[in-house]
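Please look over the sequence and the structure shown here before reading on.

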Amino acid sequence: MFRVLAMPEALSHCIFRHDFRDMERVEFQVEVPIQASKGSIFTRLNNPSGLSEWFADDVNIKKDVFTFFWDGSEESARLVTQKREEFVKFRWMEHEEEGAKTFFEMRIKIDPLTGDTALLVTDYAEEDEVEEATLLWEKQLRDLKRVLGG
């Protein structure tokens, strides 16, 4: 089950928040419940071997730059920040070179009442590509859940 967050009277599949420094891209979020420990999830978010299990076909790292490989193409992203067993935040090198402040973040959330675990992804896409980007994240997160056995 996927839960896509939405603000009242916003489009049903995402949260939009314009970044005036980068008018072409809008922020959206996707949240999915995951039945796994924070440690198990985090190891799939912050290192090449974990990311290559679900996010990309292969992942290499040099210093703080991760290179992701998919079906013959590759993209690089800088690991901007991370907090153990809580979140990782990346910025695509192409966006960084353009001076964009966009990022993609994967944050582990624990519901304080139920103890349920979820992964919240925050990303940016051009407004006319948000739906496609949301579907891609949903597919990636299904793969992550499969890897984690949930």
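## Aromatic pairs

In this predicted model, the count of aromatic pairs comes to 15. One of these pairs is formed by Trp54 and Phe55, whose ring centres lie 5.4 Å apart with the planes at 65°, so the pair is edge-to-face. Trp54 is buried, and Phe55 is buried as well. Another pair is that of Phe103 and Tyr124, which counts as edge-to-face because the planes stand at 75°, with the ring centres 5.2 Å apart. This second pair links distant parts of the chain, since Phe103 belongs to the loop between helix H3 (93–97) and strand S6 (104–110), while Tyr124 is in strand S7, 21 residues apart. Phe103 is buried, with a relative accessible area of 14%, and Tyr124 is buried too, with a value of 11%.

Ring pairs also build up a cluster, whose members are Trp54, Phe55, Phe66, Phe68, Trp70, Phe90, Trp92, Phe104 and Trp137. The edge-to-face pair of Trp54 and Phe55 therefore has both of its residues in this cluster.

## Charges over rings

In a second case, the charged end of Arg107 sits over the ring of Phe87, 4.3 Å from its centre.

## Salt bridges

How many salt bridges does a search of the whole structure find? The search finds eight. One of them joins the side chains of Glu105 and Arg107, at 3.1 Å from N to O, and Arg107 is also the residue whose charged end sits over the ring of Phe87. In another salt bridge the side chains of Arg44 and Glu53 meet at 3.2 Å, N to O. Here Arg44 counts as buried at 17% relative accessibility, while Glu53 is partly exposed at 38%.

A further salt bridge is formed by Lys139 and Asp143, whose closest N and O atoms are 2.4 Å apart. Both residues lie in helix H4 (residues 130–148), where they are four residues apart, about one turn of the helix. Lys139 counts as partly exposed, at 37% relative accessibility, and Asp143 is buried, with a relative accessible area of 16%. Salt bridges also link Asp64, Arg78 and Glu96 into a network.

Where does Glu86 lie? Glu86 is in the loop between strand S4 (73–83) and strand S5 (87–92), and it counts as partly exposed because its relative accessibility is 28%. When its neighbours within four places in sequence are left aside, Glu86 is in contact with Lys38, Phe42, Met106, Arg107 and Ile108. Lys38 is 48 residues from Glu86 in sequence, although the two C-alpha atoms are 7.5 Å apart in space. Arg107, another of these contacts, is the residue that forms a salt bridge with Glu105.

## Strand S1 and its partner

Strand S1, which covers residues 25–33, is mostly covered, with eight of its nine residues buried. Nine bridges join S1 to strand S7 (residues 117–126), and the two strands run antiparallel. Among the residues involved, Val32 has Leu119 in S7 as its bridge partner.

## The chain as a whole

The protein chain has four helices and seven strands, which follow one another along the sequence in the pattern β-α-α-β-β-β-β-α-β-β-α. Of its 150 residues, 43% count as buried. The accessible surface of the chain comes to about 8,600 Å², and carbon and sulfur atoms account for 48% of that surface.

Definitions and conventions. Residues numbered from 1 in each chain as written. Predicted model: local features only at pLDDT ≥ 70, side-chain atom pairs only at ≥ 80, totals over all residues. Heavy atoms only, no water. Buried < 20%, exposed > 50% of the residue type's maximum accessible area, 1.4 Å probe, protein only. Pairing = 2+ DSSP bridges. Areas by Shrake-Rupley, 256 points an atom, 1.4 Å probe, with all protein chains shown as cover. Contact = heavy atoms within 4.5 Å. Phe/Tyr/Trp six-rings, centres within 6.5 Å; stacked < 30°, edge-to-face > 60°. Lys NZ or Arg CZ within 6 Å of the ring centre and 35° of its normal. Salt bridge = Lys/Arg side-chain N within 4 Å of Asp/Glu carboxyl O.
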